[in-house]
Amino acid sequence: MLLKQSPEFKYSDITPRDVYVNRRKFLYGMGLAGGLALAGKALLDVVNPSARAYASTKLGGLASSPFSTTEKVSPEQVVTTYNNFYEFGTDKADPAKNAQKFVTSPWTVSVEGEVGKPRKFSMEEIMKLAPLEERIYRHRCVEAWSIVVPWVGYSFSTIAKLVEPNSNARYVAFESYFDKKQMPLWGRAGIDLPYVEGLRMDEAMHPLTLLGMGMYGETLPNQDGAPVRMVIPWKYGFKSAKSLVKIKFVKDQPPTTWNITNAHEYGFYSNVNPKVDHPRWSQAKEVRLPGFFKNTPTQMFNGYGDQVASLYNGMDLKKNF
Amino acid sequence: MNSILKSKWTKAVVFLICLVPLGVLIWEAFTGNLSSNPTQFLEHATGDWTLRFVALTLCISPLRKILNQPQLIRFRKMLGLFAFFYGCCHFSVYLTFDQVFDLHGIWADVMKRRYITVGFSGFVLMIPLAVTSTAGMIRRLGNRRWTILHRAIYITAIAGVIHFYWLVKSDIHLPLEYAAVMATLLGWRIYDHYTKAPKPAPSNRPVAKQSTTTVAPD
């Protein structure tokens with residue numbers, strides 16, 4: 001019987017003598033290196049926040065808009081990881097995690113109601129109804145924080161005119177997509193779903209009122225209301241309904257989700273107004289994210305008073321909050 | 001078990017564990033992980049830990065009796081003071097970042113917003129408890145008065161939960177979870193009080209003189 005006498009070690013397997021002798025030091029060194037690597041990674045994360053996990057398409061040839069603010073645009077990381085989208089969870093970080101698999105294609109929006117030409121628009125059609133503009137708007141949440149977002153879209157009036165609203169159309173009702181299967185956390189939201197919102201006709205037809213299809217030069221991330229949403233910059237954020245599936249022109253003031261939830265706290269108009277307190281938050285100041293201090297004074301109509309104040313001439317804005 | 005509970009090292013270890021939430025927050029602050037709204041993140045984190053430490057403090061008396069481990073009393077004061085400590089952190093974040101030292105704004109908030117009224121009351125109620133937490137103060141107050149005073153922790157617990165419940169906009173699951181925990185802890189005390197008609201055995205609180213008729217604030 002032949003016993004194969006292969007060596008058990010190669011020379012290179014043998015621990016060098018000085019490493020062996022200083023093996024404790026060596027282990028400390030390993031620990032230190034590991035610690036430094038972790039610290040380094042944390043540091044890198046600060047310098048260069050992790051890449052966004054959602055898929056988006058670049059939108060080229062965007063026209064700039066005279067409505068854009070010159071204020072500093074908020075970091076994209078903030079706008080895409082800090083969201084109120086209760087269908088995907090009530091924590092601000094939830095939507096970015098839970099909306100990843102939200103299917104937004106194919107997508108159609110039904111535009112109907114008191115109109116001459118009711119119609120269903122595919123997302124492809126919506127993208128081509130008018131040249132896409134970049135509009136940098138201030139966005140003020142009712143929770144007293146604010147961001148500056150470079151939206152992409154065009155005035156809502158563009159699509160409205162195509163369906164020819166009749167003289168009965170005094171309000172517009174918006175409805176967001178709702179699917180319990182895709183939105184398993186819906187039961188925790190504590191609000192009636194689907195999410196519904198509404199505007200008065202003159203508010204909806206105002207050129208500032210945007211039908212948004214993108215931001216930061218790309219299509220909307222799911223958590224920010226893909227594929228198409230409303231953006232009404234002089235109203236608190238919750239007025240700007242996300243992931244629209246229905247736009248209905250109606251005769252009477254439509255019900256709105258937060259007003260249904262708590263009429264005492266959320267009015268139909270919900271114009272940004274530093275003088276009308278919310279029961280939970282003073283609206284006099286806001287924190288510009290990602291800052292720490294809530295010391296930015298809130299402006300009437302979020303600073304869009306020159307354009308929109310005339311819509312509310314003669315109205316008691318304390319009563320119609 | 002008893003020797004572990006009696007060891008001074010156990011107390012040191014528990015003390016360090018109680019500091020872990022603060023350490024984590026500081027770590028997150030230095031690594032830029034306080035979310036996009038750092039102030040709100042800090043407010044929620046410190047508020048959560050205040051409620052948790054109030055609940056932990058209220059766990060001591062039931063556990064002493066149920067597990068028959070009277071030595072657990074050694075940790076009650078520390079946990080209570082940590083509840084106060086995290087409450088102070090909570091208030092400091094609100095004072096510094098939310099109100100930016102606007103005392104008028106704070107007073108307006110306290111008067112106007114019921115969730116702040118009730119939360120602030122719960123916090124203020126902890127101040128006399130923290131001040132009178134020393135053995136010397138127990139002696140000065142007398143066990144009976146001290147015990148009555150320290151029942152205020154029950155009000156703080158209830159106020160804290162209501163504060164949270166009134167604060168959230170629509171998702172009330174988390175406040176209700178806290179409410180269930182506090183209700184259990186306070187409910188046990190009511191149950192304990194009425195099921196043992198004769199006064200329970202004198203507590204093992206490390207106080208020299210005490211009358212045998214006193215009831216620990218549990």
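Two strands pair if DSSP finds at least two bridges between them. Strands are DSSP runs of E, at least two residues, and helices are runs of H or I, at least four, numbered from the N terminus. With that, strand S3 of chain A: there, Arg119(A) is the bridge partner of Val111(A).

A word on the source. This is a predicted model, where local features need pLDDT of at least 70, side-chain atom pairs count only at pLDDT 80 or more, and totals for chains, interfaces and linings use all residues. Residues are numbered from 1 along each chain as its sequence is written, and chains are lettered from A and ligands numbered from 1 in the order in which they are written.

Back to chain A. S2(A) and S3(A), residues 119-122, run antiparallel, joined by 4 bridges. They form a hairpin with 5 residues between them. S2(A) also has 4 bridges to S11(A), residues 244-250, and that pair runs parallel. In S11(A), Phe249(A) stands opposite Gly113(A).

Which side chains of S2(A) are buried? Val109(A), Val111(A) and Gly113(A), on one face. Buried means 20 or more other C-beta atoms within 10 Å of the residue's own, with C-beta atoms placed from the backbone.

Now chain B. The axes of H6(B), residues 114-131, and H9(B), residues 152-167, come within 8 Å and cross at roughly 155°. Axes are lines fitted to C-alpha atoms over the stretch in contact, and angles run from 0 to 180 degrees between N-to-C directions. H6(B) and H9(B) are therefore roughly antiparallel, the term for angles over 145 degrees.

Key: Buried ≥ 20, exposed ≤ 12 C-beta atoms within 10 Å, placed from the backbone. Parallel < 35°, antiparallel > 145°, perpendicular 65-115°, else oblique.
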